[in-house]
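Here is a short briefing on one protein model. Please read it with the structure open.

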Amino acid sequence: MVVQPAVSDGARIIRIVAAVIRNEAGRSLLVRKRGATMFQQPGGKRDPGDADELATLARELREELGCELVAGSARLLCHCSASAANEPDRRVEAAVYTVNVRGEIAARAEIEELCWIDPAAPNVPVARLSREHILPLLRGASM
């Protein structure tokens with residue numbers, strides 16, 4: 001198996017996998033990393049030991065939020081790209097999945113803060129990838 005690098009030096013592209021987690025009220029979870037000002041979807045870069053995108057997503061959710069990805073719940077929402085919120089001169093390319101999780105969600109590792117937002121009216125600063133691509137897809141969508 002060949003694992004693509006998370007960052008392509010020539011194109012300055014960061015490849016990630018991200019999660020859309022919604023609560024019973026239809027609010028969507030966003031996270032803010034330590035030292036960052038923008039909120040974004042939880043997720044991250046693929047590590048060499050990750051078998052695929054969903055393995056990456058499961059690992060990131062476990063490390064950063066302390067919850068478990070429910071097997072078979074992941075559904076591809078979109079592939080999208082935008083300028084990186086926390087890394088100047090880089091673009092983020094994301095595979096975004098809607099997922100169900102189990103367990104208590106809490107900020108861990110590099111996550112400093114979490115918030116549940118109304119996708120139609122976020123009340124926090126939101127990274128471009130989420131603001132321009134992901135949240136518009138969630139507006140009016142059923143859970």
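The notes below go from overall fold to single residues.

This is a predicted model: local features need pLDDT of at least 70, side-chain atom pairs count only at pLDDT 80 or more, and totals for chains, interfaces and linings use all residues. Residues are numbered from 1 along each chain as its sequence is written, and side-chain values use heavy atoms, with hydrogens and water left out.

**Fold and surface**

- The protein chain holds two helices and nine strands. Helices (H or I, at least four residues) and strands (E, at least two) are DSSP runs, numbered from the N terminus.
- The order from the N terminus is β-β-β-β-α-β-β-β-β-β-α.
- Of the 143 residues, 41% count as buried. Buried means under 20% relative accessible area, exposed means over 50%, and partly exposed lies in between (1.4 Å probe, protein chains only).
- The accessible surface of the protein chain is about 7,500 Å². Carbon and sulfur atoms own 49% of that surface. Areas come from the Shrake-Rupley method with a 1.4 Å probe; for residues, only the protein chains shown count as cover.
- Take the contacts between residues at least 6 apart in sequence: 65% of them join residues at least 24 apart. Contact means heavy atoms within 4.5 Å.

**Nonpolar cores**

- The largest nonpolar core has 19 residues. A nonpolar core is a set of buried Ala, Val, Leu, Ile, Met, Phe, Trp, Tyr and Cys residues joined through side-chain atoms within 4.5 Å.
- Leu-30, Cys-80, Val-96, Leu-129 and Ile-134 touch the most other members of this core.
- Two or more residues each come from strand 2 (13–20), strand 6 (75–83), strand 7 (91–98), strand 9 (111–117) and helix 2. Helix 2 gives the most, with four residues.
- A second, separate core has 17 residues, including Val-17, Tyr-97, Val-99 and Ile-111.
- Leaving aside neighbours within four places in sequence, Val-96 is in contact with Ala-18, Val-20, Arg-75, Leu-76, Leu-77, Cys-78, Cys-80 and Ile-134.

**Cysteines**

- The whole structure has zero disulfides. A disulfide is a pair of cysteine sulfur atoms within 2.5 Å.
- Cys-78 is buried at 12% relative accessible area. Cys-67 is buried too, at 1%.

**Largest pocket**

- On a 1 Å grid over the protein atoms alone, a pocket is an open set of points where a 1.4 Å probe fits, with protein on both sides within 12 Å along at least five of seven lines; lining residues have an atom within 4 Å of a point.
- The lining has 24 residues. Ile-16, Lys-33, Gln-40, Asn-86 and Val-92 lie nearest the pocket centre.
- At least two lining residues each come from strand 2, strand 4 (43–45), helix 1 (53–65), strand 6 and helix 2.

**Buried serines**

- Ser-130 sits in helix 2 (residues 128–138). Its relative accessibility is 2%, so Ser-130 counts as buried.
- Beyond neighbours within four places in sequence, Ser-130 is in contact with Leu-30, Gln-40, Gln-41, Leu-135 and Pro-136.
- Ser-28 belongs to strand 3 (residues 28–33). Ser-28 is buried, with a relative accessible area of 0%.
- Ser-28 and Asp-118 are 90 residues apart along the chain, yet their C-alpha atoms are separated by 6.5 Å.
- Outside four places in sequence, the contacts of Ser-28 include Val-20, Gln-41, Trp-116 and Leu-138.

**Loop residues**

- Ala-109 has a positive phi of about 50 degrees, although it is not a glycine. Most residues other than glycine have a negative phi.
- Ala-109 lies in the loop between strand 8 (101–102) and strand 9. Ala-109 is partly exposed at 45% relative accessible area.
- Asp-47 is in the loop between strand 4 and helix 1, and is partly exposed at 33%.
- Asp-47 and Arg-59 are 12 residues apart in sequence and 9.5 Å apart, C-alpha to C-alpha.
- Ala-85 is in the loop between strand 6 and strand 7, and is partly exposed at 38%.
- Not counting residues up to four places away in sequence, Ala-85 touches Met-38 and Ala-127.
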